[in-house]
Amino acid sequence: GAGPAEEQVDQMPTAEELGMPETMDLEFVAGEQVQVIPATLYIGQGYSIYVPDTGWRKETEREDRIPVDVWESTTDEYVEIAIFRYGSVPLEEAITNFLEEQDDYVFQDLLLGSGEVTEPLEGIDEDGDVLKFIMRVGTEGTYIVSWKYRDAYSSAASQAEQIVRTFVLT
């Protein structure tokens with residue numbers, strides 16, 4: 001049963017409280033075809049994201065005291081989505097930290113302006129693996145959301161991009 005200690009935990013808002021549907025259909029292109037898969041709202045610490053009901057496995061890992069929520073594709077070993085929660089770390093510092101962690105990747109056009117960069121930034125490593133990321137700053141602090149893949153045409157890679165597009169700060 002839930003003892004008093006367990007009730008102390010921050011209650012995550014419900015989909016209803018966020019005014020968001022519990023489920024939605026994600027559309028993505030696989031080969032020549034547009035496919036539709038059902039996805040369910042995942043509510044994380046300060047954010048929400050829609051994750052397909054099949055084909056993805058959540059893992060939580062920590063790197064350097066930074067909590068990271070990770071989803072791995074179960075159909076393509078090269079595809080994963082990671083949400084880095086930097087908290088009160090300023091955006092530029094978070095980006096610097098993130099890039100140090102991802103030092104296998106070369107980012108051609110990384111310009112650190114002020115404010116949010118809305119377009120994903122893209123890096124490539126020597127194996128041809130691609131890493132893209134977006135950054136968002138909200139009331140819970142700084143977030144970097146990345147996704148990586150080897151084959152841009154794999155259905156998991158297409159799904160990853162659509163999943164990341166559903167990321168919002170709550």
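1. The accessible surface of the chain comes to about 9,700 Å², and 46% of that surface belongs to carbon and sulfur atoms. Accessible areas here follow the Shrake-Rupley method with a 1.4 Å probe, and for residues only the protein chains shown count as cover. The model is a predicted one, in which local features need pLDDT of at least 70 and side-chain atom pairs count only at pLDDT 80 or more, while totals for chains, interfaces and linings use all residues. Residues are numbered from 1 along each chain as its sequence is written, and side-chain values use heavy atoms, with hydrogens and water left out.

2. On overall composition, the chain has 4 helices and 11 strands. Helices (H or I, at least four residues) and strands (E, at least two) are DSSP runs, numbered from the N terminus. Of the 170 residues of the chain, 41% count as buried. The term buried means under 20% relative accessible area, exposed means over 50%, and partly exposed lies in between (1.4 Å probe, protein chains only). Among contacts (heavy atoms within 4.5 Å) between residues at least 6 apart in sequence, 45% join residues at least 24 apart.

3. The next topic is charge pairing. Side chains of opposite charge can pair when their charged atoms come close. A salt bridge is defined as a side-chain nitrogen of Lys or Arg within 4 Å of a carboxyl oxygen of Asp or Glu. A search of the whole structure finds 10 salt bridges. One of them joins the side chains of Glu 59 and Arg 57, at 3.1 Å from N to O. Glu 59 counts as partly exposed because its relative accessible area is 28%, and Arg 57 is likewise partly exposed, at 40%.

4. A further salt bridge is formed by the side chains of Glu 80 and Lys 148, with an N to O distance of 3.9 Å. This pair links distant parts of the chain, since Glu 80 belongs to strand β6 (residues 80-87) and Lys 148 to strand β10 (residues 141-149), 68 residues apart. With a relative accessibility of 23%, Lys 148 counts as partly exposed.

5. Glu 122 and Lys 132 also form a salt bridge, their closest N and O atoms being 3.7 Å apart. Glu 122 lies in strand β8 (residues 121-124) and Lys 132 in strand β9, so the pair ties together parts that are 10 residues apart in sequence.

6. When residues up to four places away in sequence are not counted, Lys 132 touches Pro 120, Leu 121, Glu 122, Val 145, Ser 146, Trp 147, Tyr 149 and Glu 161.

7. Lys 58 is found in strand β4, and its relative accessible area of 32% is why it counts as partly exposed. Leaving aside neighbours within four places in sequence, Lys 58 is in contact with Tyr 42, Asp 69, Val 70 and Trp 71. The C-alpha atoms of Lys 58 and Trp 71 are separated by 4.3 Å, although the two residues are 13 apart along the chain.

8. Thr 54 occupies the loop between β3 (47-52) and β4 (56-63). Thr 54 counts as exposed because its relative accessibility is 59%. Between Thr 54 and Ala 39, which are 15 residues apart in sequence, the C-alpha to C-alpha distance is 8.2 Å.

9. Two surface patches complete the note. Patches consist of residues with over 30% relative accessible area and no salt bridge; like charges are joined within 9 Å, and nonpolar side chains (Val, Leu, Ile, Met, Phe, Trp, Tyr) within 5 Å. Glu 100, Glu 101, Asp 103, Asp 104 and Glu 126 form a negative patch. The place of a charge is taken as NZ of Lys, CZ of Arg, CG of Asp or CD of Glu. Asp 103 sits in the loop between α3 (91-101) and β7 (106-107) and is exposed, with a relative accessible area of 59%.

10. The nonpolar patch is made by Val 29, Val 34 and Val 36 and covers about 250 Å². Val 29 lies in strand β1 (residues 23-30) and counts as partly exposed, at 44% relative accessibility.

Note on methods. Lys and Arg count as positive and Asp and Glu as negative; His and the chain ends are not counted.
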